[in-house]
Amino acid sequence: MTTIIDGKQVAASVIDAVKSAARELEQDAGVKTGLAVVIVGDDPASHAYVSSKSRMAKECGFTSIQHTLPEETTQEELAALVQTLNADDTIHGILVQLPLPKHLNSEPIIQSILPEKDVDGLHVVNAGKLATGDLDGGLISCTPAGAMVLVRGIHGDDLSGLNAVVIGRSNLFGKPMAALLVNANATVTTAHSRTKDLAAVCRNADILVAAVGRPEMVKADWVKPGATVIDVGINRVLAPEKGEGKSRLVGDVAFEECAKVAGAITPVPGGVGPMTIAMLMANTVIAAYRKSGRKAPKF
Ligand SMILES: Nc1nc2c(c(=O)[nH]1)N[C@@H](CN(C=O)c1ccc(C(=O)N[C@@H](CCC(=O)O)C(=O)O)cc1)CN2
């Protein structure tokens, strides 16, 4: 029988562990974990994600600060805010919600966050530590870290002998996900839009991770029987069956048909998505432990 991986449940157990860790740090060292979330502009989806992050940070017992900047914010104004947060000792984690409005360049902003406060794991120092196998020294990008927790829940810590295929090569997801899988001893292929015979490449995967941003692109005949399928896509598509103008969320995997072939599969919603916010909380409390000189917990 196919296992439907419950990301909400796994995320809730990560959050419980984060709450305990934050409470202990406050009781033992008098340090209250602090997260600053920065959002620029009016994108409704980004506002929804940021509200969830701020709310969850409060639930975890953190100091939670949200900076909501107008659409017309300049590069210099945003950079100045990051510098202020870098210098603020009560803030252990800084997150700039992506995407930024088109007139802003996200890369120099992300690279200006102190690596030890970069709870999104996007700074080159953190990306470099992951790429060189230093998983305990830096901060790992939240969505791949969360996807990896789900993979470990099915296969355990050691993926020796397993073939993994990651479809997508973004800095936010594909590259760090591939690095995490290699680190766990999987044999990893990174596939992308220029890959020849993508379906055949995917059929070789014991662990298939889809992060392409194309609704329901991965079909049942791309999936090796019994494989673990991790769907990172979040696509809003029209759903006329729900009524005129209504929409629904789908992943990059055609769930119903792939679930009949896979051994384990994540749904959308309720799979990898909830793990992103849970791992952000985990990274923030890790950053606070490190700042206090204490051994950081593992999640
Ligand atoms: N600075 C960042 N920006 C963005 C990131 C990120 O990790 N850091 N990731 C995405 C958006 N994102 C968090 O910011 C995010 C996306 C989806 C979910 C989630 O829980 N999705 C639910 C469905 C939610 C819905 O109904 O719309 C699910 O899959 O179950 C959480 C966080 C881009 N920007």
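Helix H1 crosses helix H10 in a left-handed manner, a crossing being left-handed if the near helix is turned anticlockwise from the far one by less than a right angle, and right-handed if clockwise. The model is a predicted one, in which local features need pLDDT of at least 70 and side-chain atom pairs count only at pLDDT 80 or more, whereas totals for chains, interfaces and linings use all residues. Residues are numbered from 1 along each chain as its sequence is written. Helices (H or I, at least four residues) and strands (E, at least two) are DSSP runs, numbered from the N terminus.

H1 spans residues 7-29 and H10 residues 272-291; the two pack at an angle of about 15°, with their axes 8 Å apart. Axes are lines fitted to C-alpha atoms, for helices over the stretch in contact, and angles run from 0 to 180 degrees between N-to-C directions. H1 and H10 are therefore roughly parallel to each other; angles under 35 degrees count as roughly parallel, over 145 as roughly antiparallel, 65 to 115 as roughly perpendicular and the rest as oblique. The contact of H1 with H10 comprises 18 nonpolar, 2 polar and 1 charged residues. In this classification Ala, Val, Leu, Ile, Met, Phe, Trp, Tyr, Cys and Pro count as nonpolar, Asp, Glu, Lys and Arg as charged, and the others, Gly among them, as polar. On the H1 side the contact residues include Gly7, Lys8, Val14 and Leu25, and on the H10 side they include Val272, Met275, Val285 and Tyr289. Two residues are in contact if their C-beta atoms, placed from the backbone, lie within 7 Å.

H10 also packs against helix H2 (residues 44-59), here at an angle of about 50° and with the axes 10 Å apart. H2 and H10 are therefore oblique to each other, and their crossing is right-handed. From H2, Ser52, Lys53, Met56 and Ala57 meet Ile277, Leu280 and Met281 of H10. This contact of H2 with H10 has 5 nonpolar, 1 polar and 1 charged residues.

The ligand is surrounded by 17 residues, of which the closest are Tyr49, Leu98, Pro269, Gly273 and Thr276; a residue is near a molecule or strand if its C-beta atom, placed from the backbone, lies within 6 Å of it. H10 gives the largest share of this shell, 4 residues. Strand S4 (93-96), helix H6 and H10 each supply at least two residues of the shell. By class, the shell around the ligand has 11 nonpolar, 5 polar and 1 charged residues.

Leu98 is joined to Pro99 by a cis peptide bond with omega about 0°, and Pro99 lies in the loop between S4 and helix H4 (106-112). A cis peptide bond, again with omega about 0°, joins Val268 and Pro269; Pro269 is in the loop between strand S11 and H10.

S4 belongs to an open sheet of 3 strands with the order S3-S2-S4 and parallel pairing. Two strands pair if DSSP finds at least two bridges between them. The edge strands of this sheet are S3 (63-69) and S4, each of which pairs on one side only. Its neighbouring strands are turned by 15° against each other on average, direction ignored. Strand S2 (residues 34-40) and S3 run parallel and are joined by 7 bridges, and Val38 has His67 in S3 as its bridge partner. Helix H3 (residues 75-86) packs on the sheet and touches S2, S3 and S4, its direction making about 175° with that of S2. H2 likewise lies across S2, S3 and S4, running at about 170° to S2.

An open sheet of 6 strands has the order S1-S11-S8-S7-S5-S6, and its pairing is parallel. Strand S1 (3-4) and strand S6 (187-191) are its edge strands, each pairing on one side only. S1 pairs with S11 (residues 264-265) in the parallel sense over 2 bridges, with Thr3 opposite Ala264 in S11. H6 (residues 142-155) lies across S1, strand S7 (207-210), strand S8 (228-231) and S11, and runs at about 165° to S8. Asn185, in the loop between helix H7 (174-183) and S6, has a phi near 80°, a positive value in a residue other than glycine.
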